[in-house]
Amino acid sequence: MPLPEPHKRHLRKLGHHLKPVVIVGQSGVTEAVLAEIDASLLHHELIKLRINAAQREQRADMAKLICERLAAQAVHAIGHTVLIFRRNPDRPRIVLPSIRKAQPHRRD
């Protein structure tokens, strides 16, 4: 299920100051890289990755593959940096804001 826009905004704000914890290098998305990202997501829930692929399409494909394999969601991508999120089912750390449904405007 994709994240609603208010949750993405909140996560982008939380992730702004983060440094990349995993760097995907020339070898690409290997099992070792996936294991490291998985462990980081389990501990932090929200992490930044640096993907060192030359082409934009390659970076997007790698980010999509990582998210699919680890059941995570890409929150934001700019340049070589991708912010991804996955809720820890046992010990959630990040509190997402509640989404209020728009109330119809009343005319009195």
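Guide: Let's start with Arg50, which stands opposite Thr81 in strand E4. Arg50 belongs to E2, and Ile23 stands opposite Arg50 as well. Bear in mind that this is a predicted model, where local features need pLDDT of at least 70, side-chain atom pairs count only at pLDDT 80 or more, and totals for chains, interfaces and linings use all residues. Residues are numbered from 1 along each chain as its sequence is written, and side-chain values use heavy atoms, with hydrogens and water left out.

Visitor: What makes E2 and E4 a pair?

Guide: Strands (E, at least two residues) and helices (H or I, at least four) are DSSP runs, numbered from the N terminus. Two strands pair if DSSP finds at least two bridges between them. E2 and E4 (residues 81-85) are joined by 5 bridges and run antiparallel, so they pass that test. E1 (residues 20-24) and E2 have 4 bridges and run parallel.

Visitor: Why is the pairing in the sheet called mixed?

Guide: The open sheet has 4 strands in the order E1-E2-E4-E3, with mixed pairing. E1 and E3 (73-78) are its edge strands, each pairing on one side only.

Visitor: Why is Lys13 called exposed?

Guide: Lys13, in helix H1, has 61% relative accessibility, so it counts as exposed, the cut-off being over 50%.

Visitor: What makes Arg69 and Glu31 a salt bridge?

Guide: The rule asks for a side-chain nitrogen of Lys or Arg within 4 Å of a carboxyl oxygen of Asp or Glu. For Arg69 and Glu31 the N to O distance is 2.7 Å, so the pair qualifies. Arg69 lies in helix H3 (residues 56-70) and Glu31 in helix H2, so the bridge ties together parts 38 residues apart in sequence.

Visitor: Why does the pair Arg87 and Glu45 count as a salt bridge?

Guide: Their N to O distance is 3.6 Å, and the limit is 4 Å, so this pair counts as well. Arg87 is partly exposed at 31%, whereas Glu45 is buried at 0%.

How values were computed
Buried means under 20% relative accessible area, exposed over 50%, partly exposed in between (1.4 Å probe, protein chains only).
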